[in-house]
Amino acid sequence: MDQMSAMRNPAILSASSSPTPPPSSERARTAASSAYGGPSIFDACQIGVVLRTVVFVEAVVAIAALFVVSTPGEWLVQTATITGGALPATLLWLVSACGLKKPLRRLPKHWQYTAGALLGALSALYGCGLLRLTGVLSSAPWLASALAGSLFAGLVMAAMVLRARGQTPAATTARLEELQSRIRPHFLFNTLNSAIALVREEPAKAETMLEDLAELFRQALADPGESGTLADEIALAERYLAIEQVRFGDRLRIRWDLDAAASNARLPPLLLQPLVENAIKHGVEPSPEGAKLRIRTERRGSMVVIEVVNSLPPLRWADEPLPRGHGIALANVRDRLRLLHDMQMQFSAGMDQKSYRVRIAIPAES
C-alpha cells in the first residue's frame, strides 16, 4: 500500500509548483546583463559576420566605383584602388570589435554604438592613410573617410543586432515549440502503461520510470532559453532512453561513447532528445528484433562532434520499404543550430550502410 500511495503522488508526474531557480550559468548571465547594461552588440568574432561584412563593403565599393568610371577597365582599376584602403580598414574594425567585445559590454548599449562608430571612423582613417602613404591619393579626404567609416560601422552593428533578435522571432519560436512538442502524446500513455504493468511485479522500477518521465516533461515544458550545454542534453537523453529501455527491453541496445572534453559545447535546448526519439521511432519500433543505438561525442581541436546512429530494420532494403518521416525534426534541429552557431556549425543526416547517422559539428567552448 505504501508503494501504491507513492505511485499516486501527483508530484511524480508534474513539476514542482514552486518556481525552479535558474541554473548558475543563467543567473550569472542575468546578473552580468543587469550590471553591464545588456549583452554585447559586438559579435564580430564569428566567421559568418566577418565574411558578410567584407562582402558588403566590397559590394558597396564596386557599386560606388561605377559612378566615376566609363569603361570596365577603369572600373576594375578604381575598385582595386578603393579596396586597398577599404579592406584593411574593414578588417581592422572587425578585429578591434572582436578584441574589445568583453570590455565594451560593460557599457550601456548607446555607448556601445558610439564606441563602434568611433572605431569605424578610426579604421577608415587608417585605410585612408594607407592610400595616402602609398601615393594612391594625392590628397587624403580625412573627414569624408571618417564619416564613411562611422556609417559603415553603424550599418554593420545594426545588422548584428537584427541577427541577434532574429534568434527568437515569432517564426523561430513557433518552430522551437514544435520541436519541443515532438515528445509525442502517445509516448506519455505508452510509458504510463509500462509503469502500470510494473507496479505489482517491480514497483521500485515503476517509480523510477515515472520520476524519469516527470523530469523529462519538466524540461520539455520549461521556457526555452538561448542555449544549454551538451552535458545537459546528454543527461536529458539518458532519462528518455531509460524510459524507452523499460518499454523495449533487450530490443533496445544502447552504446554511449562520450568525451568529457566536449561537455561544455553550447546547444539549443531540447536538441538531442528529438534525434534520439527519431532513432527509436525509425530504428527500434518497426523491428521485431530491435535495433542498436549509438550516441557519440568527441572534441576535435576547436570543434565538438556529436553523432546519433541507429541501425535500421531489414525492411528498409525490401521491395516495399517502410514509409519515411517528413524530416521536420531534422530541419528544425538544423535551423536552430544555424541560428546559434551560424556558419561555424555543420549538420548532416542520411543513410550510412545499414544505419542512419546524424552528425553535428559545433564550436567547442574554451
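Keep in mind along the way that the model is predicted.

Let's begin with the helices. Two packed helices are described by the angle between their axes and the distance between the axes. Here, helix 4 spans residues 72-99 and helix 6 spans residues 109-133; their axes come within 8 Å and cross at roughly 145 degrees. The crossing of this pair is right-handed. On the helix 4 side, the residues making the contact include Gly 84, Gly 85, Pro 88 and Trp 93, while helix 6 contributes, among others, Gly 116, Gly 120, Tyr 126 and Gly 127. Sorted by class, this contact has 10 nonpolar and 8 polar residues, and no charged ones.

Now let's move on to the sheet. Strands of a sheet pair through backbone hydrogen bonds, either parallel or antiparallel. In this model, 5 strands make an open sheet with mixed pairing, and their order is 2-4-5-7-6. Strand 2 (252-257) and strand 6 (346-352) are the edge strands, each pairing on one side only. From one strand to the next, the twist averages 10 degrees.

For a look inside the sheet, find strand 5 (residues 303-311) and strand 7 (residues 355-363), which pair in the antiparallel sense over 9 bridges. Ile 306, for example, has Ile 360 of strand 7 as its bridge partner.

Finally, see which helices lie across these strands. Helix 11 (residues 230-248) lies across strand 2, strand 4 (291-300) and strand 5, and runs at about 160 degrees to strand 2. Helix 13 (residues 328-341) lies across strand 6 and strand 7, running at about 10 degrees to strand 7.

Methods
Residues numbered from 1 in each chain as written. Predicted model: local features only at pLDDT ≥ 70, side-chain atom pairs only at ≥ 80, totals over all residues. Heavy atoms only, no water. Axes fitted to C-alpha atoms, helices over the stretch in contact; angles between N-to-C directions. Helix = DSSP H or I, 4+ residues; strand = E, 2+ residues; numbered from the N terminus. Left-handed = near helix turned anticlockwise from the far one by under 90°. Contact = heavy atoms within 4.5 Å. Nonpolar A, V, L, I, M, F, W, Y, C, P; charged D, E, K, R; others polar. Pairing = 2+ DSSP bridges.
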